[in-house]
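Reader: I would like to learn how to read a protein model. Can we go through one step by step?

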Amino acid sequence: DYNFQNYLDFPLLVDDKNKFVNFMFKNGIEVRKFHYFNCEKFFSRKKNCKNSEYFEQKLICIPSHPNITKDYLNYILIKIKEYNN
């Protein structure tokens, strides 16, 4: 189903979420900074949930809905490669 909302974003794991998001914004690219929230903090009695914490701190999403052009996606990829260098 192409209308399903999970296809509107493409998840990426980044080393430093704030640094990556700021870099992308400076280059005119809006990414979703808050996509995954570690709900274990509220619903579990565990004090440490390493995987949940990891994804909360590292996961961002880039846009991938049908209205995004191939040129814009290519620009995003170029900037991701630039960020990694």
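This is a predicted model: local features need pLDDT of at least 70, side-chain atom pairs count only at pLDDT 80 or more; totals for chains, interfaces and linings use all residues.

Reader: In what pattern do the helices and strands follow each other along the protein chain?
Author: Start with the count. The protein chain has four helices and two strands. Read along the sequence, their order is β-α-α-α-β-α.

Reader: In which sense do strands E1 and E2 pair?
Author: E1 covers residues 9-13, and E2 covers 59-63.

Reader: How many of the residues of E2 are buried?
Author: Look at both ways its residues point. Leu59, Cys61 and Pro63 point one way, Ile60 and Ile62 the other, and all are buried. E2 is mostly covered, and the buried count is five of five.

Reader: What share of the residues of the protein chain counts as buried?
Author: Buried means under 20% relative accessible area. The protein chain has 85 residues. It exposes about 6,900 Å², with 53% of that supplied by carbon and sulfur atoms. The share of residues that count as buried is 28%.

Reader: Which element gives the most to the largest nonpolar core?
Author: This core has 12 residues, among them Val14, Phe20, Ile60 and Ile76. H1, E2 and H4 are the elements that give two or more residues to the core. With four residues, the element that gives the most is H1.

Reader: Is valine 14 buried or exposed?
Author: Valine 14 sits in the loop between E1 and H1. Leaving out residues up to four places away in sequence, valine 14 touches Phe20, Lys58 and Ile60. Its relative accessibility is 9%, under the 20% cut-off, so valine 14 counts as buried.

Reader: How far apart are the C-alpha atoms of valine 14 and phenylalanine 55?
Author: Along the chain, these two residues are 41 residues apart.

Reader: What kind of aromatic pair do phenylalanine 20 and tyrosine 83 form?
Author: The whole structure holds two aromatic pairs. In this one, the ring centres are 4.9 Å apart and the planes stand at 90°. Planes over 60 degrees apart count as edge-to-face. At 90°, therefore, the pair is edge-to-face.

Reader: How many residues apart are phenylalanine 20 and tyrosine 83?
Author: Phenylalanine 20 is in helix H1, residues 17-26, and tyrosine 83 is in helix H4, residues 70-84. Phenylalanine 20 is buried at 1% relative accessible area, and tyrosine 83 is buried at 13%. The pair links distant parts of the chain, with a separation of 63 residues.

Reader: Why is the pair of phenylalanine 23 and tyrosine 83 called tilted?
Author: Their ring centres lie 5.5 Å apart. Planes under 30 degrees apart would be stacked, and over 60 edge-to-face. The angle here falls between those limits, so the pair is tilted, at 50°.

Reader: Which residues form the aromatic cluster?
Author: Phenylalanine 23 lies in helix H1 and tyrosine 83 in helix H4, so their pair ties together parts 60 residues apart in sequence. Tyrosine 83 also pairs with phenylalanine 20. The cluster is Phe20, Phe23 and Tyr83.

Reader: Which side chain makes a polar contact with the side chain of lysine 79?
Author: Lysine 79 is in helix H4. At 12% relative accessibility, lysine 79 counts as buried. Beyond its neighbours within four places in sequence, lysine 79 is in contact with Phe23, Met24, Asn27 and Ile29. The polar contact, at 2.9 Å, is with glutamate 82.

Reader: Which residues does isoleucine 76 touch, not counting residues up to four places away in sequence?
Author: Isoleucine 76 belongs to the largest nonpolar core. Its list of touching residues is Met24, Ile29, Ile62 and Pro63.

Reader: Is asparagine 84 buried or exposed?
Author: Asparagine 84 lies in helix H4. Its C-alpha atom is separated by 9.7 Å from that of aspartate 15, 69 residues apart along the chain. Exposed means over 50%. At 57% relative accessibility, asparagine 84 counts as exposed.

How values were computed: Residues are numbered from 1 along each chain as its sequence is written. Side-chain values use heavy atoms; hydrogens and water are left out. Buried means under 20% relative accessible area, exposed over 50%, partly exposed in between (1.4 Å probe, protein chains only). Accessible areas come from the Shrake-Rupley method with a 1.4 Å probe; for residues, only the protein chains shown count as cover. Rings of Phe, Tyr and Trp (its six-membered ring) pair if their centres lie within 6.5 Å; planes under 30 degrees apart count as stacked, over 60 as edge-to-face and the rest as tilted. A nonpolar core is a set of buried Ala, Val, Leu, Ile, Met, Phe, Trp, Tyr and Cys residues joined through side-chain atoms within 4.5 Å. Contact means heavy atoms within 4.5 Å. Two strands pair if DSSP finds at least two bridges between them. A polar contact is a pair of N or O atoms within 3.5 Å; within protein, one must be able to donate a hydrogen and the other to accept it, and residues adjacent in sequence count only if both atoms are side-chain atoms.
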